[in-house]
Amino acid sequence: MSVVRTQGSCLAIRTLSPSSSINPRCSGHDSASSDDATCGTPTWIGKSLTCVCFKRKGHYERICINLTPQQEERLNRLKHRMKVYFDASRPDHQEALRALWSATYPNQELHGLISDQWKEMGWQGRDPSTDFRGAGFISLENLLFFGKTFTISFQRLLKKQGGKRAAWEYPFAVAGVNITFMIMQMLDLEALKPTTFVRSVFLQMLSENEWAFDLLYCMAFVVMDKQWLERNATYMEFNDVLKSTRAQLERELLMDDVLRIEDMPSYDLLS
């Protein structure tokens with residue numbers, strides 16, 4: 001696997017063989033083409049290579065990825081996680097809920113998986129399992145990862161510390177589920193081949209760190225809260241803040257010097 005720069009700020013990720021050669025032009029595009037299009041599979045690099053073209057600063061730029069066995073394995077594992085529905089009857093899912101409570105309120109005993117206590121965390125009702133329908137079990141895994149990995153940031157957002165808070169705040173846990181769903185849509189990992197530069201950059205990040213999705217989630221949460229405070233937003237503006245959060249993440253993923261999840265500027269917000 002090698003990483004090279006072409007056409008200024010285009011990132012091409014590819015596996016080279018002795019007979020490989022690079023065509024400087026992306027076939028199938030002209031000035032009338034759309035701003036975001038897929039080139040297909042160029043025969044001049046390899047059978048499994050996919051290439052994505054997008055338009056920036058008046059010309060097309062290209063990212064090409066030839067997935068290694070490790071990348072394919074990690075991508076397939078992530079896709080599998082995204083397809084798992086939350087099942088309140090499964091012991092491992094029940095245990096994950098208990099683990100989330102322990103990570104969130106380490107000194108407070110949980111009275112049951114269905115309890116008014118869950119409302120304290122920002123679930124809509126007594127049974128948090130009903131709120132996982134939008135994003136599935138991975139949204140619970142994301143929250144648990146955040147709570148265990150970045151305890152200070154997690155607790156700060158949970159308790160709405162820092163800044164001037166709105167009288168009608170966003171519910172913490174439900175917001176977390178929505179953030180998982182937003183990232184899933186942004187990356188479009190179920191597509192047969194990359195159709196956006198953002199997705200292709202993320203696949204490279206996944207090769208560097210198998211927890212890239214969970215780390216991106218944590219980053220998205222703190223970015224969302226930061227924008228919430230800056231806008232002095234209220235609950236009715238949550239969707240607008242979520243959209244602007246996605247836009248910021250996409251901008252950071254497109255930065256020239258961002259190759260790893262840790263390279264994204266907003267990663268420094270985590271503590």
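This is a predicted model: local features need pLDDT of at least 70, side-chain atom pairs count only at pLDDT 80 or more; totals for chains, interfaces and linings use all residues.

Colleague: What span does helix α3 reach from its first C-alpha to its last?

Modeller: Helices are DSSP runs of H or I with at least four residues, numbered from the N terminus. The expected span is 1.5 Å times one less than the number of residues. Helix α3, residues 137-149, has 13 residues and reaches 18 Å, close to the 18 Å expected.

Colleague: How many residues of α3 are buried?

Modeller: Buried means under 20% relative accessible area, with a 1.4 Å probe and protein chains only; exposed is over 50%, and partly exposed lies in between. In α3, 10 of the 13 residues are buried, among them Phe 137, Leu 140 and Phe 146. The buried residues of α3 pack against α1 (69-83), α2 (91-104), α4 (151-158), α5 (172-187) and α7 (212-231).

Colleague: Which residues does Ser 153 touch?

Modeller: Contact means heavy atoms within 4.5 Å. Ser 153 lies in helix α4 and is buried, because its relative accessible area is 0%. Not counting residues up to four places away in sequence, Ser 153 touches Phe 146, Val 222, Leu 269, Leu 270 and Ser 271.

Colleague: How many aromatic pairs does the structure hold?

Modeller: Rings of Phe, Tyr and Trp (its six-membered ring) pair if their centres lie within 6.5 Å; planes under 30 degrees apart count as stacked, over 60 as edge-to-face and the rest as tilted. The structure holds 17 such pairs. The rings of Trp 101 and Trp 118 have centres 5.3 Å apart and planes at 70 degrees, so this pair is edge-to-face. Trp 101 is in helix α2 and Trp 118 in the loop between α2 and α3, so the pair ties together parts 17 residues apart in sequence. Both Trp 101 and Trp 118 are buried.

Colleague: Where do Phe 150 and Tyr 267 lie?

Modeller: Phe 150 and Tyr 267 form an edge-to-face pair, 6.4 Å centre to centre with 85 degrees between the planes. Phe 150 is in the loop between α3 and α4, and Tyr 267 is in the segment after α8 (238-253), 117 residues apart. Phe 150 counts as buried because its relative accessibility is 11%.

Terms used: Residues are numbered from 1 along each chain as its sequence is written. Side-chain values use heavy atoms; hydrogens and water are left out. Helices (H or I, at least four residues) and strands (E, at least two) are DSSP runs, numbered from the N terminus.
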